[in-house]
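Welcome, and please take a moment to look over the model below.

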Amino acid sequence: MLVALAAKAFVPRPARQASTASRPMPETTGGRIRFSDSDQQQLRLGDGSTRVVRSLLHVPDRMAFGTFVWDDAGIPPGRIWLRIDLSRQILSVFRGEDEIATSVVLYGQDETPTPIGNFPIRGMERNHRSNAYDAMMPYTLWLTNDGIAIHGSNVRQGLATHGCIGVPEAFAKRLFGVVKRGDLVSVVR
């Protein structure tokens with residue numbers, strides 16, 4: 001369920017930070033930023049642990065609300081995991097050590113914040129309707145027992161959720177097709 005926020009203006013920050021002068025520039029090929037073995041990147045997860053990342057999608061411009069990028073061409077098989085960065089309002093999908101998709105997201109308002117931490121996908125439901133808010137939640141991926149999930153939403157500036165992660169419906173449909181129960185979702189601030 002979406003709620004309008006008058007006091008908060010969510011503006012996605014760029015998904016990537018510029019490299020510092022002391023670090024060599026990673027190679028950018030085919031819409032992907034690739035890191036060498038000597039310059040592997042570590043991403044912090046919701047429980048404080050880290051994961052190695054070998055490549056990220058090259059997103060040259062600031063992503064707008066309702067947009068996403070999905071490019072898994074040439075990426076080897078591997079376990080799917082998700083990282084949601086609330087401070088940047090971005091969800092990244094990884095296959096193994098490679099980012100295959102990214103999207104601007106909505107998240108919980110101050111009164112009903114999105115929880116931080118690592119969560120396995122507990123269940124999946126293609127066409128869920130919220131009992132609490134009488135709202136459709138297409139392509140629901142359950143993260144908690146108390147109803148927090150990733151699901152398709154109308155991702156627009158000025159909107160928030162009641163704690164869930166809202167993603168564009170087309171992105172949610174693709175995500176629903178590649179994840180399975182038990183896959184890791186890490187939420188960081």
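## Before we start

This is a predicted model, in which local features need pLDDT of at least 70 and side-chain atom pairs count only at pLDDT 80 or more, while totals for chains, interfaces and linings use all residues. Residues are numbered from 1 along each chain as its sequence is written, and side-chain values use heavy atoms, with hydrogens and water left out.

## The overall picture

The protein has one helix and 17 strands. Both kinds of element are DSSP runs numbered from the N terminus: helices are H or I with at least four residues, and strands are E with at least two. Of its 189 residues, 50% count as buried. Here buried means under 20% relative accessible area, exposed means over 50%, and partly exposed lies in between (1.4 Å probe, protein chains only).

Among contacts (heavy atoms within 4.5 Å) between residues at least 6 apart in sequence, 62% join residues at least 24 apart.

## Inside the core

A nonpolar core is a set of buried Ala, Val, Leu, Ile, Met, Phe, Trp, Tyr and Cys residues joined through side-chain atoms within 4.5 Å. The largest one here has 27 residues, and those with the most contacts inside it are Leu82, Leu91, Val93, Ile150, Ile165 and Leu175. Elements that give two or more residues to this core include strand 8, strand 9, strand 13 and helix 1. Helix 1 gives the most, with four residues.

Leaving aside residues up to four places away in sequence, Ile150 touches Leu82, Leu91, Tyr139, Ile165 and Leu175, among others.

Helix 1 has Phe171, Ala172, Leu175 and Phe176 buried. Seen down the helix axis, the buried residues fall within an arc of 135°, so they line one face of helix 1; the arc is that of the directions from the helix axis to the C-beta atoms. On the other side of helix 1, Lys173 and Gly177 are exposed.

## Aromatic rings

Rings of Phe, Tyr and Trp (its six-membered ring) pair if their centres lie within 6.5 Å; planes under 30 degrees apart count as stacked, over 60 as edge-to-face and the rest as tilted. By this rule there are four aromatic pairs. Trp81 and Phe94 are stacked because their ring centres are 4.3 Å apart and their planes are at 10°. This pair links distant parts of the chain, with Trp81 in strand 8 (residues 80–85) and Phe94 in strand 9 (residues 90–95), 13 residues apart. Trp81 is buried at a relative accessible area of 2%, and Phe94 is buried at 1%.

Tyr139 and Phe176 form an edge-to-face pair, at 5.6 Å centre to centre and 65° between the planes. Tyr139 belongs to strand 13 (residues 136–142) and Phe176 to helix 1 (residues 169–178), 37 residues apart. Both Tyr139 and Phe176 are buried. Elsewhere, ring pairs link Phe68, Trp70 and Phe171 into a cluster.
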